[in-house]
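Let's take a look at how the side chains of a protein pack and pair up. Have the sequence and the 3D view ready.

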Amino acid sequence: MRPTIVIYKSKYGTTQAYAKKIAKKLDTEAILVEQLKEFHKIGEYENVVLCLPVYNSGLAGMNTIKARYYMISEKNITLLMVGMSDPADEGSIYHVINNSLTDNMKRKFEIYYANGKMRYNGLMFADKLSWNNWMKRLAKVPVDELNDKQKEMLEHAKDRVDFYDESMVESLIAHVRNI
C-alpha cells in the first residue's frame with residue numbers, strides 16, 4: 001500500500017470519528033483541513049482521503065481544499081462525504097457533489113458516503129435553522145413516501161438522530177488499500 005494521509009473537517013465530531021477510524025485502519029495520520037496550509041509533509045503521501053461533512057447541500061472545508069488543491073491534485077484522492085441523507089438517495093448526494101466539486105474533482109475523486117448523527121441541543125443556531133427547515137419540508141411529504149431514515153429523523157427531530165456506522169467506511173478502506 002502506498003502512503004496515505006487522511007484530511008478531515010468536523011463540526012460536531014462524527015466526521016472526525018470516521019476520519020480517525022480510517023486513519024487507524026490504514027495505519028496513518030489524520031489532520032484537520034485547516035492544518036493543510038502548514039502541512040509540509042504532504043509530498044510524502046501518494047494517497048489522500050478527504051473526510052468532509054455535508055452542511056446545507058455543500059461540503060464543509062471544501063473552500064480550503066480548493067484553495068490548496070495544487071498541493072494534492074496529483075495524488076490519488078478519495079472523498080468521504082458524511083451527512084444525514086439516505087445513501088440510496090442519489091439525487092441528494094449528486095446535488096451535494098455538484099454544489100461542492102469542480103468538474104475536474106468530480107472526474108478525479110473516488111467518492112463515498114457515510115451517515116452521520118445529530119444532537120439537536122448541540123447544534124449551532126444556523127444549523128438548527130437549517131435542520132428545522134429540512135424537517136418542515138420532510139413533514140410535508142406523505143408518510144408512505146418517506147424512507148425509514150426520514151421517518152426516524154422526523155420522529156426525533158428535536159432530540160438525537162444517530163446513523164453513525166463504522167462499517168460504512170469498509171469499502172473505502174479496501175479501495176485505498178488496493179490503490
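Below is a short tour of the core, the aromatic rings and the charged pairs.

## Before we start

This is a predicted model, where local features need pLDDT of at least 70, side-chain atom pairs count only at pLDDT 80 or more, and totals for chains, interfaces and linings use all residues. Residues are numbered from 1 along each chain as its sequence is written, and side-chain values use heavy atoms, with hydrogens and water left out.

Helices (H or I, at least four residues) and strands (E, at least two) are DSSP runs, numbered from the N terminus.

## The nonpolar cores

In soluble globular proteins, nonpolar side chains tend to be buried together. A nonpolar core here is a set of buried Ala, Val, Leu, Ile, Met, Phe, Trp, Tyr and Cys residues joined through side-chain atoms within 4.5 Å. "Buried" means under 20% relative accessible area, "exposed" means over 50%, and "partly exposed" is in between (1.4 Å probe, protein chains only).

Which residues touch the most other members of the largest core? They are Ile-7, Leu-50, Ile-72 and Phe-109, out of 27 residues in that core. The elements giving two or more residues to this core are S1, S3, helix H2 (62–67), helix H3 (69–72), strand S5 (76–83) and helix H4 (90–100). Phe-109 has contacts (heavy atoms within 4.5 Å) with Leu-50, Met-62, Tyr-69, Ile-77, Leu-79 and Leu-101, leaving aside residues up to four places away in sequence.

Rings of Phe, Tyr and Trp (its six-membered ring) pair if their centres lie within 6.5 Å; planes under 30 degrees apart count as stacked, over 60 as edge-to-face and the rest as tilted. That rule gives 4 aromatic pairs. One of them is Tyr-12 with Tyr-55, edge-to-face at 6.3 Å centre to centre and 65° between the planes. This pair links distant parts of the chain, 43 residues apart: Tyr-12 is in the loop between strand S1 (4–8) and helix H1 (14–25), while Tyr-55 is in strand S3 (residues 47–55). Tyr-12 is partly exposed at 32%, and Tyr-55 is partly exposed at 24%.

Trp-131 and Trp-134 make another edge-to-face pair, 5.6 Å centre to centre with 90° between the planes. Both sit in helix H6 (residues 125–139), 3 residues apart, or about one turn of the helix. Is Trp-131 buried or exposed? Trp-131 is buried, at 5%, whereas Trp-134 is partly exposed, at 25%.

## Charged partners

A salt bridge is a side-chain nitrogen of Lys or Arg within 4 Å of a carboxyl oxygen of Asp or Glu, and the count here is 5. In one of them, Glu-34 meets Lys-9 at 2.4 Å, N to O. Glu-34 lies in the loop between strand S2 (30–32) and S3, and Lys-9 in the loop between S1 and H1, so this bridge ties together parts 25 residues apart in sequence.

Lys-11 bridges to Asp-127, with the closest N and O atoms 2.9 Å apart. Lys-11 is in the loop between S1 and H1 and Asp-127 is in helix H6, so parts 116 residues apart in sequence are tied together. Lys-11 is partly exposed, at 39%, but Asp-127 is buried, at 8%.
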